Amino acid sequence: MDASLIGREYDLARLAGFLTDIPRVGGALVVLGEPGVGKSALLATAAREAEAAGMRVLRTAGVQYRAEASYGALRQLLTSTPQMREAVGRYPDLAAALGHNRDPDRGTGHEAVTDAVAFLLAERPGGRPTLLVLDDAQWLDRASADVLAQVARRLLGTGAGMVSAARAGEESFFDHSGLPLLEIGPLSEAASEALLTLRFPALAPRVRRRLMADAEGNPLALLELPTTLTGPQQVASHALPRRLPLTQRLQAAFASRIKGLPAATRHLLLVAALEGSGNVQVVRRAMAGGMRHCAAAERVGLVHTDVAAGRLEFRHSLMRSAVVELSTGEQRRSVHRALAKAWIGVPEQRTWHLAQAAVEPDEQIAALLEEVADVSAGRGDGPSAVAALVRAADLSPEGAAQARRLAKAAYRGATLTGNLRDVPRLLGNARQVAPDADSLPAAIATAVYLLNSYGDIDTAHRVLGGALAVQRKPYDPGDGTLLEAMAALMMVCFYGGRAELWPTFDEALANFTAVPETLEVTRATFGDPVRARPADYARLDAAVDAVLGAALGASDPLQVVRVGIAGSYVDRLGPLEEPLRRIGYGERSADNAFPAIQALVLFCHQAWFAGRWDELRTVARDVLDLCEEHQYSLRAWPAKYLLGSVTAAAGDFRAARQLADRMDQWAGSRRAHTVRFYAAHVRTLIALGQGDFEAAYGHVTTIAPAGSLPPFTRNALWVFQDVVEAAVRSGRREEALRHIQAARDAGLHTVSARMNFVMVGAEALAAGNDAEAEPAFTAALSVEGRERWPFDLARIHLYYGERLRRGRAPTRARGHLDTAAQLFARLGATPWADRAAKELRACGGPTRGRTTGSNGTVLTPQQREIVGLAAAGLTNRQIAEKLFLSPRTVSTHLYQAFPKLGVTSRAGLRDALEHLHNS
C-alpha cells in the first residue's frame, strides 16, 4: 500500500463500493478534505482500480493559475486521445466549445455542451463504462466547472461515473452541493505513528510525537516535516525549533488561500499566528483596525472565530506556519512589538514578544526572560523555560551571562523536559563564549548529565560539592539555582548509598540562612528516615497536604515529585497517587519527561505495597521505555527493581535473578550501593519464595544487618519484615528480636500505619511461645487499614496460620491459611499461595486459593474499572484520559482481563461482566 494511504481503509472501501456500482447505475462522488490529507492518492487508487476493472478512465485536474481558461479542463479531459477527439467530433456543440469546430458563426451555450458531455459519457465503447477523475476541482475554470457540476447530477442511470476531489472550505466554481460526499478527515494517532514509523524509522519517539502534534493527522505534513530536520534533530540529539519550517510542497498546499487575501487580512492573520493563544482581545488590541479584516479569512476557511469564547483559531496549525513563513522578518518583528504592547498587565507574554522583536543584545530583556523561564519552570512548562533561557542567552551582551544562561537551559532541560542529550551541546556553547566561567548552573547540568546518563556518582558528587563550596555564604534560601544544586546533590548521595557522601550535602545545607522547608524535610525523611524525628514527619504530612491542595490547579511537577520522594520510604505516597499519575500520563508528560519518569517510579512504589502488581508491571515498562528514549539509564534501575520484586514474588525466579544480576553488574564499578541494595532485596524475595531462608538471611542482611539500622540506608525500612522472617526461619530468633528492638528504639512504629502493622506482625512471628504470639497476631490483624497492604497482610495471616497448625489448632488455622491463600492468589504470588495451600491441606482445608493453574475470573480493581468502561463503549484512549493512564496501560489490562472473563473481544465484555456480577 502507498504510504500516504495508511489509515484510509474505510475511505478505500467506500471508493471500491462506488466503483463497483458504476457499470450498473453510474453516479458521482466528491472526495472532500483539507490540503495534503490524501485526496489525490485516493483518486489515483480509484483510477488504477477502474482501469484494472476494464473502465475507460478520463482524467483532469484544476490548475490554480489557469482557472480563467474557458473550457480548459474539459478540453484536457475529453481530447487526451485520438479516440476521444474523434468521439467529441460527433457532437458539434461540444467540438465548438473545445475549439475543434472553426466555424465562427457557430455559438454554444453551457446547456448544449452539458448535454453533449452527458451523451458522450453514456457511450460504452467496446462495452466499457467511463469514469471521470477530477482532481483539485476547486481550481477548475468556470466554464468546465459549470458543465461538469451539471453532468455529475445527471450520471445516475447512465452507467458512467465521476469522482472528484476538492478542498474543504475553498471558494470554487465547481458546485458540489447535493452530491454524495466522502469527507476525508485527519489520520488517527495510530495511523499517523504507523506512517512515520514506516517512512522514517530512525525518528526518536519524542520527535515522532512532536511531528504528529504539528501535523494534526495530515499525511502530507507527516511525510514532509521530517525532511526539514537535521540528523541530530531527528534522533533528538539536538532540540527541535519552536516552529518547524515548511517544505515547498507544504507551503504550496497551505499558502494558496493566504496569498489571495487582502493585505490587511494577511496582517491580521500574522498577528493571530504570532500571538499563538487565540486571544481575540489581544489580537484586537494589536490591530489598529480591529477585527473587521477577519471576515475574508473566515470565508475561505483559514480561521474560525468563537465570539462567545473570545477565541480565534486556525483551521490547521500548518496554516499558522504558512502565514508566518509568507511574512518578512521586519513584518514579524513589527507584529511582536505590537503584541508586546497589547499584552497589558501580563509581563510574561509582554517579555516574550519583546524578545522576539529584539535584533540587538539587550540585558534588560534577557534578565526579564530569565525570570519568565523561572516562572515557566515553576508551573511545569519545561519547553517554554528552556526556550526562554536560550533566547535570553542570545540577547545577553556579556559572555559570562550568556554562558550562565546556556548552562541553566541545559540543566532545566535535563531536569524537566528530558533533553539530557542536549546538555553537552549547550555546555559546549557556554564554554565557547566564556571559557573561564565556572558557574553553578554548569555544575548542575554536568552532574545531572553524568549521574543520569552514565551513573558516574563520584564525579557528579565532586562537581557539585566543589561548585557549592565556592558559592558566596550564607546561602540565600530563595536562590532557585542553589536549591536545584542541592536537589541534584541529594540524588547523587541517594544512589551512592554510602554514608561518606552525605557530609558534603550537610555542610552545604548548614550554609543557608534558613533551610528551605522541602529540602529540610526531604533530607530527614528520605535521606535517613530511620533517624527522622516526629516533627519531620509532621512537616512531611503538611507538605503532602499542600501538594494535594495545589494539585487542583497548576501545580509544579517538580515540587510534587520532590514531596513524593520525601515520602517514598515512609508510606506517604497513597494520597499522592493522582498527582503522580497526572504528571506521568497527563497532557504535559511528553514535555516534562524527567518528572514523568520520577512520578511513575513513585507510583510503582505505591502499587507494590497496595498489591496492584499488574499495574506496576505495565507502568514500570512505560518507565523503562521513557528511560531508554531519553537515555536516563540510571533512572531505569528503580523500575527494574520493582519489576524484579514482583517477578520474584510471582515465582518467576529465573527472570528475577537475571534482573538482580544486571543490577549488581551495573552498580559494581560505579559504587552505586543503592542499586546493589535493590539487587539484594530481589534475591531475598527469591529465596523466601523458594523457602531457602538461610540464603534469604544472607542476602537481606547485606542491606540491614540483624539488630542494626545503618544510617542513610532507607531500604532498611522496606526489608524489615524480610529480615525478621529470614532470621526466625533460619533459627536466629535472637537476631530477629534484636532487629525488632532496634526498630522499636528508633521509633519506626510511629513512622506510618504500615510500619506499625508489619512491626507488630514481626513481633508475633518472633514470639517465643503461643501465649506471646496470640495477642501480637490479634493486635496486628486489628490494625485499621491493613487491607491496604495485601502482601504484608497475607504474610501475617500465613505466619499466624502456620503457628496455629503447629500448635494443634487446625480449625482456627484454616481460616487464616485460606485467607492468605486467596490474597496471594489475587496478587499472583504463586509460590506464596502454594505454600499457604500446602499448609491448608496439612490441616484438612480446601485449596481454593491455589494459583498453579488459572486465576479464574478474579479481576484486579483497576482491571474491573477498565473493563467496565470498555464495555460501556469507550476507546482505549478515552479510558486512558479518564483514568490518567497511558493507552498502552489500558490495552495491557484488557489483554490480561479477556482470558479471565472468557472473551476474545470487546463485544463480549458486557455479558461477561453481568455474569460475573450475578455469580
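A charge is taken to sit over an aromatic ring if NZ of Lys or CZ of Arg is within 6 Å of the ring centre and within 35 degrees of the ring normal. R714 meets this description over the face of F526, at 5.2 Å from the ring centre. R732 likewise lies over the face of Y697, at 4.1 Å from the ring centre.

The model is predicted, so local features need pLDDT of at least 70 and side-chain atom pairs count only at pLDDT 80 or more, whereas totals for chains, interfaces and linings use all residues. Residues are numbered from 1 along each chain as its sequence is written, and side-chain values use heavy atoms, with hydrogens and water left out.

**Aromatic rings**

Rings of Phe, Tyr and Trp (its six-membered ring) pair if their centres lie within 6.5 Å; planes under 30 degrees apart count as stacked, over 60 as edge-to-face and the rest as tilted. Across the whole structure, 22 aromatic pairs are found. Two of them are tabulated here.

| Pair | Centre to centre | Angle between planes | Class |
|---|---|---|---|
| F494 and Y569 | 6.4 Å | 55° | tilted |
| W502 and F505 | 5.6 Å | 75° | edge-to-face |

Helices are DSSP runs (H or I, at least four residues), numbered from the N terminus. F494 is buried at 4% relative accessible area, and Y569 is buried at 2%; buried means under 20%, exposed over 50%, and partly exposed in between (1.4 Å probe, protein chains only). F494 and Y569 also belong to one aromatic cluster, whose members include F526, F609 and W718.

W502 and F505 both lie in helix α26, three residues apart, about one turn of the helix. Both W502 and F505 are buried. D506 lies in helix α26 too (residues 502-509), but D506 is partly exposed, with a relative accessible area of 28%.

**Nonpolar cores**

A nonpolar core is a set of buried Ala, Val, Leu, Ile, Met, Phe, Trp, Tyr and Cys residues joined through side-chain atoms within 4.5 Å. The largest has 196 residues, and W608 and F824 have the most contacts inside it. Helix α31 (residues 593-610) supplies the largest share of this core, 12 residues. Apart from this core lies another, of 58 residues, among them L246, F254, I258 and V300.

Key. Helices (H or I, at least four residues) and strands (E, at least two) are DSSP runs, numbered from the N terminus.
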